[in-house]
Structures are given as C-alpha cells and as structure tokens.
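Please view the sequence and the structure together while reading the points below.

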Amino acid sequence: MGNVALRGINTETKNDRVGREVSSASGTSILKDYVSGSDNDSSFRRSNESQHFPSQSILFVTSEVADFVKVGGLGDVSSALPRALAAHHDVRILVPAYREVWQSGHHVRIVGHVPAHAELPACDIGEIICSDGLVFYVLICAELYEREGGPYGTGPGGYGSNGWDDNDIRFARLSLAAAEIASGNAGLDWKPRLLHLNDWGCGLAPAFLHWRGQHVPSVFTIHNLAYQGLFDASRLEPLGIPPDAFHIEGVEYYGKLSFMKAGIVYASHVTTVSATYAQEITTPEFGCGLDGLLRCKAEQGRLSGIPNGIDDSWDPRTDAHLVQAFSANDWRGKRANAEYVRHRFGLVPSSGPLFAMVSRMVHQKGVDLVIEAAPSIVQAGGQLVFIGSGEPRVEAELDRLAERFPGAVGVFTGYDEEEARCIYAGSDFLLMPSRFEPCGLSQMYAQRFGSLPIAHRTGGLADTIEHGVTGFLFDEVNQGSFMQAVQQSFSAYHATELFYAMRRAAMTGRYHWRQSIAPYTRLYRKLIEEAHHEVQPAG
Ligand SMILES: Nc1ncnc2c1ncn2[C@@H]1O[C@H](COP(=O)(O)OP(=O)(O)O[C@H]2O[C@H](CO)[C@@H](O)[C@H](O)[C@H]2O)[C@@H](O)[C@H]1O
C-alpha cells in the first residue's frame, strides 16, 4: 500500500435510459430518445450505422487519463471511452505532458508546436503511440506541467481550481492548444473534425474557437459540475480572453471567470454522464448556479446524458490483482478475497457482512453519513473498510473511527488501485451515499465484483442500481433514510439465498462502454453535419 499508513425489487431495466436528450419546456423536463430500444449496442450494429457514418477524426481532450495520472473517475473515462470509440473512429487524446507521462517510459516524438498567446507560453506537442495503437498528443511545457504533485495541486483528490496557483494558465494553455489543433494551426499532419472536451480543465477550448471565428464543432462533457474552474476577473488579460466576453452570456459567473461556464456556453453540445444527472443539473438544487443556462441548453436540444461504462479489465474471473479469481456462484473464491481484505486492514475474522467505501473522501460522497452510521453497523455485527483520501478533516475522523473500533473498522488513507480492486472483490456491500453523483463508476465496479452498492437514489446511481435486485437505494440524504437501506442490506445478508441471487444479478449487469458508442456516434454525426452545412449553434 505504498508509503501511507494503514490503520487500524424494482426490475425496470436501466439501459433504456441511455443517451437521452433532455429538453425542458415550461419547466417540465421531457426525455427524448437518441437511442431507441434497450439494447443500444446491438441496435447500433443492427442498423449498421457505422457503415453509413464514416469514421471520424475526434480529438478527446482531458486533464487526466489513467494511463498516466488519475485523480478520480475522469481518469478512468479518459482511458476507456476513447479506446471503445476507436473501433469506429480515429480518436486521439490530448493531455498535458505531466511528470508521469515522462516517467511512463513511452517514446515521445515531437510532432507539433503551438505559439505563445498573452501569458500562455509556447509549447511543443509530443506524440505517444500506445501498444494498442491509441495515439496520445502530449502538451509539453516543463514549467507548467512537470511537477511533484497531482494534476490539479499538491493536495489529494478533487478537480478543484484551488490547487496550483497558476491553474488558470495551465488549463487555458491546454484549452488553447486543443483549439489550435482543431484549427490546423499546431503543425500536426492530422486534424480533428470535432473536439470532445471534458470538464472545466478544457472549458476554454470552444470559447477560443468562437473568439477566433473557427467553426469546429465540439462536445463538452460535464463529469462533475461542482468543480467549475473559477478565477478572478483580473485574469482575463493574462489568459488572452477578449474583455467583451466577460458578461452574463459569456464567461462571467457571479463576477468571476468560469472555465466550466465557457465550455457550456460555447460548445456545440453539452453532455453529462447519466440521463438522471442531465435532468438534475437543470434544477437549482443540482445546477450549481448554472441551472438557468443548462435549462436553456436543454430547451435548444443541446444537453444530453450519455452514461459511462466500465472496461473489460474489471472482471473478477480474470483480474490478476485479486488473491483469487472468482465468478458468480464461486463464493469460496470471493471469500478468499474477503479474508485478504480483513487481514490487510487488521480486522478480526468474522461471519458478518463486510462494508466498504472506496472513494475520494469529500463532502459529495456522503462519508459523514457513513461515519455516523459506523457504530450501529459494528454493533449489528458488521465491519467496515475505507480506502481514499480527500478533505483532511474527514481523514482525521476516519482515523478516530478506526481507533475507536479496532478489529472492526480499517482505514487506508491514500490511493491504491490494486487494493481498491481487492476491496471490491472482498466486500459484501459498497457504501456510496453520495449527495450527488453524475454517473459513478465505483458502484458499477462493485456490482461486477459481487459487492452490492448501498447508494443514494441520485444521478447515475439511480440509473445503474436496481433497488432490491442489484443493490439498495435510499431517497433522502439523511441518517434515517440511509440506515433504512443499511438495515435492508443486513436482512438480505442473513437471507442467504436472496443475498446470493442479488449478487448474481449484480455481477451480470451490463455496463460496458459499448453501450455509449451509439449515442456518442449519433451526436458526433449530428454536430459534424451541422457544421458542414454551416448551421452554427448559438454561443
Ligand atoms: N483511494 C482510492 N484508491 C484507488 N482507487 C480509488 C480510490 N478512491 C477512488 N478510487 C477510484 O476512483 C474512481 C472514482 O470514480 P467515480 O466515478 O466513482 O467518482 P469521481 O467522483 O472521482 O468521478 C467523477 O467523474 C466520473 C466520470 O465521469 C463520474 O462517474 C462521477 O460521478 C464524478 O463524480 C473509481 O475508479 C474508484 O475505484
């Protein structure tokens, strides 16, 4: 575990919600299908759409990618989605050349260059070709990207803009490089027909295109609206942003400059990572002050939800990180992983249920609810393991919990994917009482590994967990509602046949990335055709 201390039945199919466009008229949300039918992958193949829509060149721009550096779910998505799309399109990734890129041992060939702009320095562009053929463009600038620490700052976790002091320069540079590549001004012998941008770190890309009069279509995907990339208005000039863009219909957000808002305003289309979250963000409760703008996008048919998936490496039958591989019904194999986890976290042997939390330990994830519930869970014969890092106050509370319940609660503060995989494999239940959850990957990994999620009915959790079938959902973010779901999980655990049936159902869930190809392809096609006919979206 590195150098960090270890202490211590609703049967409605969820796939029919894939790829829906949210439109909102007279305050009523309406869902309009992008994809008809429940089996989107096969409907895509049946209609032979890929033959009618020729392979397109797409630049996928991201601030993190699991191949090199991952803080959270965006890193997973950035590694897996382009690979899934690559079967149909020429998808290439643009990411800053962080220290980890150079440490990865890949050969980097210099293939392009972008000039300085205001205080954004000139950069070279390197090319890395992975063993599976995926092409990365890496934005090379030692002073901006080669640092000891994470992609956003020195502290653990989070996509916040409150990390490195020069995050505005770092991510404006990334955004403008993307815009230059899209406009054919970066010296590459390749040019995308569409930009696929992800979260605030590349939010200025469509804005720069707009300000320069370049008509390249773009998709802006919101992975988490709560992290917006907010900076002081005085930063417009150093970033080379035209002053007249600082208004309510531009990049201004309550007197600040917002990278997230720029992405939403200027991209041709906005997506987010589940159908339910796409609706939620049009409401004041989840809209983080941008709900009015997002409702507008929805009314224009320019907001949709396309769910994330998980890749084939998340398979308990083949995962080499587990102490023992297992499949549905091989509960002895699963038990071997549970024994490993108990041993690793200093828990005593037990026949009671093992609850786990694998998460960035931040307010969003509802860890405070779990901490409050822990004494009752332990008293009822359960054990808990936590792996994650985040807000120091939360980490300290978890430490105290482990000290209070030795042998029943174990905490690992830090990030370790191998251990996380073992925990998904070894635990009986995954606790995910997130206040909001755009999609969530952990609950899909957990289900695949036979750990039943106990989660708040929100965002992607509502779309990917079937209450009483593959996990447990509760409706309100309060202790009473959460504990009711925990009690249901205890009851299920002690009704062995039901419990095993739920495990089997969870393990056979279909959450593959293939389900996302059709909706993304339809969207790319629509936007590229629109741009071709010079029908430019409002911006
Ligand atoms: N300590 C630890 N050690 C090892 N692995 C750890 C870990 N802590 C977390 N992880 C891993 O980090 C990832 C977390 O991804 P999630 O999608 O669940 O949440 P996140 O909030 O980061 O992502 C945001 O972006 C994604 C992508 O769109 C959305 O699904 C999500 O709702 C949104 O909040 C999982 O792969 C999990 O296993």
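**Gly509 and the overall model**

Gly509 is buried, because 20 other C-beta atoms lie within 10 Å. The structure is a predicted model. The protein contains 20 helices and 21 strands, and 53% of its 539 residues count as buried. Two domains are assigned: domain 1 (46-145 + 164-309 + 514-532) and domain 2 (331-507).

**Surroundings of Gly509**

- Gly509 lies in the loop that joins α19 (496-507) to α20.
- When neighbours within four places in sequence are left aside, Gly509 is in contact with Gln447 and Thr470.
- Between Gly509 and Glu395 there are 114 residues of separation in sequence and 33 Å in space, C-alpha to C-alpha.

- Pro519 belongs to helix α20 (residues 514-532).
- Pro519 counts as buried because it has 23 C-beta neighbours inside 10 Å.
- Pro519 and Ser268 stand 251 residues apart in sequence, and their C-alpha atoms are 16 Å apart in space.
- The axes of α20 and α3 come within 9 Å and cross at roughly 70°.
- The two helices, α3 and α20, are therefore roughly perpendicular to each other, since angles of 65 to 115 degrees are placed in that class.
- On the α3 side, the contact is made by Leu81, Ala84 and Leu85, while α20 contributes Arg514, Ser516, Ile517 and Tyr520.
- By class, the residues of this contact of α3 with α20 are 5 nonpolar, 1 polar and 1 charged.

- The centres of domain 1 and domain 2, taken over C-alpha atoms, are separated by 33 Å.
- Domain 1 provides 17 residues to the contact, and domain 2 provides 10 residues.
- On the side of domain 1 that touches domain 2, α3 and α10 (275-280) each supply at least two residues.
- The largest share of that side of domain 1, 4 residues, comes from α10.
- The side of domain 1 that touches domain 2 has 7 nonpolar, 8 polar and 2 charged residues.

**The shell around the ligand**

- Among the 26 residues around the ligand, those that come nearest are Gly72, Gly73, Ala420, Cys439 and Leu441.
- Domain 1 and domain 2 each contribute at least three residues to the shell around the ligand.
- The residues of the shell comprise 11 nonpolar, 10 polar and 5 charged.

**Helix α15**

- The buried residues of α15 are Glu419, Arg421, Cys422, Ile423, Tyr424, Ala425 and Gly426.
- These buried residues of α15 pack against α12 (331-344), β16 (354-358), β17, β18 (409-413) and α16.
- As background, an α-helix has 3.6 residues a turn, so residues three or four places apart point the same way.

**Two loop residues with positive phi**

- Tyr254 has a phi near 45°, which is a positive value in a residue other than glycine.
- Tyr254 is located in the loop between β12 (252-253) and β13 (256-258).
- Because Tyr254 has 9 C-beta neighbours inside 10 Å, Tyr254 counts as exposed.
- Cys288 has a phi near 50°, again a positive value in a residue other than glycine.
- Cys288 is placed in the loop between α10 and α11 (291-299).
- Cys288 counts as partly exposed because it has 18 C-beta neighbours inside 10 Å.

Notes:
Residues numbered from 1 in each chain as written. Predicted model: local features only at pLDDT ≥ 70, side-chain atom pairs only at ≥ 80, totals over all residues. Buried ≥ 20, exposed ≤ 12 C-beta atoms within 10 Å, placed from the backbone. Near = placed C-beta within 6 Å. Nonpolar A, V, L, I, M, F, W, Y, C, P; charged D, E, K, R; others polar. Domains from an automatic or database assignment. Axes fitted to C-alpha atoms, helices over the stretch in contact; angles between N-to-C directions. Parallel < 35°, antiparallel > 145°, perpendicular 65-115°, else oblique. Contact = placed C-beta atoms within 7 Å.
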